[in-house]
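Subject: Structure for you to look at

Hello,

I am handing over a structure that you have not worked with before. Please open it and keep it beside this email while you read.

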Amino acid sequence: MSTGNAARSNFGHSSSLQPGDLVGENYRIIDFIGEGAMGKVYRAKHELMPREYALKILNERDITENSWRRFQVEAQAIARLSHPNVVTIYNLGVHNGTLPYYVMDLLDGETLYDRLNREENLEYKDALPLFMETCDGLGYAHKKGIVHRDIKPQNIVILKQQENGAIVRIVDFGIAKLAETKDPKNQMLTQMGEVFGTPFYMSPEQSMGERVDGRSDIYSLGCTLYETLCGTPP
């Protein structure tokens, strides 16, 4: 993709979109959904196809050369995944030549975080199917060389209705890392000493800024499971 230089040359433009705005010539903004670690998420409708999507656009304060390249890695990483327990990405581009975005599944459900806020904790019989599916999705991503690096209740979505045999989707690969990337520029995105993640769920090696692999996700998933069953992180 050749839009990186254009995006980097105009940092600082507002990343707020309004209902009715058209992004990428195809996606009409309907309303604002929420904001995550790397960007804002909007509900959008395709101009030609009768379908709605979630459109994520990079936060204005995060638009730097490194964050733009990391944003591309995030989208490309998810695009390599095709699994019922992992959010699907459909398109990647730059809005008005300045704001990177990607288009993904619009999920109808609630995060595990929201459910725990409502119920405090889950019985193991209720938690087991959720975590079996989460493990399936993570295991698939790890086989593809992708480490999520921020597994926590906020990034596990419980669907209201089963889709493709799944009731759980893993979302927000915003700090995903290609574990075996061959691009030397991508290898420099997360250097030794840089720390990304959420402290309650981070493995010791991740907390110390050391290199991580799929085992760090497993540690984070264990912390998430503990909180799900006990009502508080370990």
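Predicted model: local features only at pLDDT ≥ 70, side-chain atom pairs only at ≥ 80, totals over all residues.

Residues are numbered from 1 along each chain as its sequence is written, and side-chain values use heavy atoms, with hydrogens and water left out.

Overall

The protein has 7 helices and 11 strands. Both are DSSP runs numbered from the N terminus: helices are H or I with at least four residues, strands are E with at least two. Of the 234 residues, 47% are buried. Buried means under 20% relative accessible area, exposed means over 50%, and partly exposed is in between, with a 1.4 Å probe and protein chains only. A contact means heavy atoms within 4.5 Å. Among contacts in the protein with a separation of 6 or more, 60% are between residues 24 or more positions apart.

Aromatic pairs

A search of the whole structure gives 4 aromatic pairs. Rings of Phe, Tyr and Trp (its six-membered ring) pair if their centres lie within 6.5 Å; planes under 30 degrees apart are stacked, over 60 edge-to-face, and the rest tilted. Tyr-27 and Tyr-53 make an edge-to-face pair, because their ring centres are 5.9 Å apart and their planes stand at 90 degrees. Tyr-27 belongs to strand E2 (residues 27-35) and Tyr-53 to strand E4 (residues 52-58), so this pair ties together parts that are 26 residues apart in sequence. Tyr-27 is buried, at a relative accessible area of 6%, and Tyr-53 is buried, also at 6%. Another edge-to-face pair is formed by Phe-200 and Tyr-201, with 6.3 Å from centre to centre and 80 degrees between the planes. Here Phe-200 is exposed, with a relative accessible area of 57%, whereas Tyr-201 is buried at 6%. Ring pairs also link Tyr-27, Tyr-53 and Tyr-90 into a cluster.

Helices H4 and H7

Two packed helices are described by the angle between their axes and the distance between the axes. The axes of helix H4 (124-143) and helix H7 (residues 214-230) come within 11 Å and cross at roughly 170 degrees. That makes H4 roughly antiparallel to H7. The axes are lines fitted to C-alpha atoms, for helices over the stretch in contact, and the angles run from 0 to 180 degrees between N-to-C directions. Angles under 35 degrees count as roughly parallel, over 145 as roughly antiparallel, 65 to 115 as roughly perpendicular, and the rest as oblique. On the H4 side the contact involves Tyr-124, Ala-127, Phe-131, Thr-134, Cys-135, Leu-138 and His-142. On the H7 side it involves Gly-214, Asp-217, Leu-221, Thr-224, Leu-225, Thr-228 and Leu-229. Sorted by class, the contact of H4 with H7 has 8 nonpolar, 5 polar and 1 charged residues. Ala, Val, Leu, Ile, Met, Phe, Trp, Tyr, Cys and Pro count as nonpolar, Asp, Glu, Lys and Arg as charged, and the others, Gly among them, as polar.

Positive phi

Glu-25 has a phi near 65 degrees, a positive value in a residue other than glycine. Glu-25 sits in the loop between strand E1 (22-23) and E2, and is exposed, with a relative accessible area of 70%. Glu-120 is not a glycine either, and has a positive phi of about 75 degrees. Its place is the loop between helix H3 (112-119) and helix H4, where Glu-120 is exposed at 54%.

Charged residues

Arg-115, in helix H3, is buried, with a relative accessible area of 17%. Leaving out residues up to four places away in sequence, Arg-115 touches Glu-110, Glu-120, Leu-122, Leu-130 and Ile-158.

Lys-56, in strand E4, is buried at 3%.

Lys-144 is in the loop between H4 and strand E8 (146-147) and is partly exposed, with a relative accessible area of 36%. Apart from neighbours within four places in sequence, Lys-144 is in contact with Arg-80 and Leu-81.

Regards
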